[in-house]
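Thanks for coming. Please have a look at the sequence and the model on the screen, and then I will go through a few points.

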Amino acid sequence: MYQLLLDSSNIYLSVGLSKDGKVVDSIFYNAWQRQSEVMVTEIDNILKRNKVDKKDLDAVVVGIGPGSYTGVRIGVTIAKVVAYALNIKIYAKSSLSLLKINDDPTICLFNARSGRSYFAVYQGQKVIESDRILTNEEVLAYIDAHPDYKLSGDTAQIGKESEQFDILKNLADFHQDELVENIFLLNPIYLKDLLK
């Protein structure tokens with residue numbers, strides 16, 4: 001059986017297929033503000049290209065945010081529709097966790113605009129710093145205090161280079177504790193809501 005991998009929480013569109021924890025095929029490109037136009041088509045394309053029927057899927061794994069308000073909603077909504085229509089499992093992962101690099105401690109960032117970043121630190125399955133929003137000055141101070149940590153994600157807003165990350169590989173590495181018991185209760189993570 002195969003798993004459908006989805007994330008559209010930031011500027012990238014990530015659609016993939018995995019089997020036995022390995023990515024079989026992937027579609028990954030910059031689709032900023034176009035994810036809603038292309039995600040369903042790309043799901044269809046990847047299934048056809050690999051001659052995988054929808055009934056060969058046993059799960060959907062999706063990045064649930066934080067990130068772009070619209071992007072996160074698109075990925076989560078499509079994942080829920082697919083899981084419900086096919087009566088299959090859905091696994092939910094932090095979109096920041098998808099930026100981690102192997103088992104190295106990784107500072108994971110997305111641009112949250114207005115001089116802020118979505119921030120977390122992951123090492124393998126361990127959460128070193130939970131998902132939150134920091135000012136870019138706070139992020140830079142954290143980076144300076146942890147020079148041995150990898151830096152990954154959307155880092156242009158802090159004037160740093162990102163190391164190479166693999167969103168689809170990290171989606172394929174899902175675990176039982178990420179299983180969504182009730183898909184109707186699955187909601188995107190909107191960290192900006194906490195600032196109001």
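Which residues do ring pairs link into a cluster? They are Tyr-12, Phe-28 and Phe-165. Before going on, note that this is a predicted model.

Aromatic pairs come to seven by the count used here. Take Tyr-12 and Phe-165: the ring centres are 6.0 Å apart and the planes sit at 65 degrees, and over 60 degrees counts as edge-to-face, so this pair is edge-to-face. The two residues come from distant parts of the chain, 153 residues apart. Tyr-12 is in strand S2, residues 12-19, while Phe-165 is in the loop between strand S9 (150-153) and helix H4 (167-172). Tyr-12 has 22% relative accessibility and counts as partly exposed; Phe-165, at 14%, counts as buried.

Another pair is Tyr-142 with Tyr-149. Here the centres are 6.4 Å apart and the planes are at 55 degrees, so the pair is tilted. Are these two buried or exposed? Tyr-142 is buried, at 13% relative accessibility, and Tyr-149 is buried too, with a relative accessible area of 19%.

Last, a glycine. Gly-75 lies in helix H2, which covers residues 69-86. Its relative accessibility is 1%, and under 20% counts as buried, so Gly-75 is buried. What is Gly-75 in contact with, leaving aside neighbours within four places in sequence? The contacts are Leu-6, Ser-8, Met-39 and Val-62. As for Val-61, 14 residues from Gly-75 in sequence, the C-alpha to C-alpha distance between the two is 10.0 Å.

Terms used
Residues numbered from 1 in each chain as written. Predicted model: local features only at pLDDT ≥ 70, side-chain atom pairs only at ≥ 80, totals over all residues. Heavy atoms only, no water. Phe/Tyr/Trp six-rings, centres within 6.5 Å; stacked < 30°, edge-to-face > 60°. Helix = DSSP H or I, 4+ residues; strand = E, 2+ residues; numbered from the N terminus. Buried < 20%, exposed > 50% of the residue type's maximum accessible area, 1.4 Å probe, protein only. Contact = heavy atoms within 4.5 Å.
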